[in-house]
Amino acid sequence: MSKEPAKRELKQERSARTRVDILEAAITLFAKRGFLATTMADLARAIRMTPGALYWHFPTKEDLLLAAIEELHQRYLSGFVDLLDEHRGLSAREQLQAFTRGTHSFLGQHREYGIFFGMLAAEAADSNERVAEAIREKLGLYAKVLGGILRHGQTTGEFRQDVDTELAAHGVFGGYLGALMYQNLFRATLDYDSMAASLDRLLMDGALVRKAP
């Protein structure tokens, strides 16, 4: 490999690593302060980068937010693609259990990711339609997958028939995000994993699962 292509490839790798570092720092800062109160200057200071360098990677704060949403979406999907494939042949109840456990495990291990989504959803709904639509698209996709599991369970007779699967799917996923936001307020006395496990039990043994006659 000649020197010029090698230098160009090294520069591209460094730029890609820098972009990931920026997104990680931005997600953490937005989760703590919200995106309305966080400026690009705040982000530049947090990342120890000049504002000019930050703007070179992301021309606007909206561009940065959209990139962060997509980055978290890809991370979430990477943990679920294999899981869903592995459980495709299982019962609807087992698929639901795998989905909910995987979701609350992901959010529990990456608290700032869930809080970022929750904060952004709350603020963007009334202030930035482009960002709000990006979040709706991602959350809607997760709810669609969950809704498919619920409909499958109704078909097999495992789940209650009197439940609107689309509404239930949005409610369940919103419940896990909401629990994370709520627990963050009470983090000195409440544990997220315990709260999420309680939601799992309510879901699996009461709210949706059909009782044996």
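Arg45 and Asp42 stand three residues apart in helix α2, which means that about one helical turn separates them, and their side chains meet in a salt bridge with an N to O distance of 2.5 Å, a salt bridge being a side-chain nitrogen of Lys or Arg within 4 Å of a carboxyl oxygen of Asp or Glu. Arg45 is exposed at 58% relative accessibility, whereas Asp42 is buried at 13%; buried means under 20% relative accessible area, exposed over 50%, and partly exposed in between (1.4 Å probe, protein chains only). Helices are DSSP runs of H or I with at least four residues, and strands are E runs of at least two, numbered from the N terminus.

The model is predicted, with local features requiring pLDDT of at least 70 and side-chain atom pairs pLDDT 80 or more, while totals for chains, interfaces and linings use all residues. Residues are numbered from 1 along each chain as its sequence is written, and side-chain values use heavy atoms, leaving out hydrogens and water.

The structure holds nine salt bridges. Among them, Arg130 and Glu62 pair at 2.6 Å, N to O; because Arg130 belongs to helix α7 (residues 129-156) and Glu62 to helix α4 (residues 61-86), this pair ties together parts 68 residues apart in sequence. Glu70 and Lys138 likewise form a salt bridge, their closest N and O atoms lying 2.7 Å apart, and since Glu70 is in helix α4 and Lys138 in helix α7, parts 68 residues apart in sequence are tied together here. Glu70 is partly exposed at 31% relative accessibility, while Lys138 is buried at 9%.
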